[in-house]
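Please look over the sequence and the structure shown here before reading on.

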Amino acid sequence: MESKLVIIRGNSRSGKTTIAKRLQNYFGYGTLLVSQDVVRREMLNVHDRDGNLSIDLIRQIAEYGKRKCEYVIVEGILYKAWYGEMLTNLIRFFDGNAHVFYYDLTYEETLKRHNSSPKKTEFGEEALRKWWREKDYLGVPGETFLTNDMSEDDIFTFIIKQLQK
């Protein structure tokens, strides 16, 4: 089986998890979804900082999916400074059979999405601003940018088409 790695990155509240879950449901049985928040906060209960334990575990879980799952989806904020080397190594591990998507939204759009989220009470604008990283691109060949003018449905359809090429 030829596994495809799908990396979905971007700032908090941009829509990454929603799209990743929709993709997992669309592709169905055996689609591996590795969520940074689940690994870091729920499995390991560690802070998001350079060298945290989740970096290696995300890599190990994603590598497990190669040749076992048609799609391995890794999603999260995944700051380049902390996760970039691991993600680049994963892309190589998947023999370049990877699709990298980055939510390149303005801060204003991210704040708008946060304020319309049912989870908006989990943290406020001050935290959102503190976590914000503008244009935190991986800089790998084929990295694709998802922009303000794309709706959730636009993004979902766009990614499906990219994966089926």
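This is a predicted model: local features need pLDDT of at least 70, side-chain atom pairs count only at pLDDT 80 or more; totals for chains, interfaces and linings use all residues.

Residues are numbered from 1 along each chain as its sequence is written, and side-chain values use heavy atoms, with hydrogens and water left out.

Helices (H or I, at least four residues) and strands (E, at least two) are DSSP runs, numbered from the N terminus. Helix α1 covers residues 16-27, and its 12 residues should span 16 Å at 1.5 Å a residue, which agrees with end C-alpha atoms 16 Å apart; the expected span is 1.5 Å times one less than the number of residues. Buried means under 20% relative accessible area, exposed over 50% and partly exposed in between, with a 1.4 Å probe and protein chains only. In α1 the buried residues are Lys 16, Ile 19, Ala 20, Leu 23 and Phe 27. Seen down the axis of α1, these residues fall within an arc of 100°, so they line one face of the helix, the arc being that of the directions from the helix axis to the C-beta atoms.

In helix α4 (residues 80-93), the buried residues are Tyr 83, Gly 84, Met 86, Leu 87, Leu 90 and Ile 91.

Most residues other than glycine have a negative phi. Asn 45, however, has a positive phi near 55°; Asn 45 lies in the loop between α2 and α3 and counts as exposed, at 66% relative accessibility.
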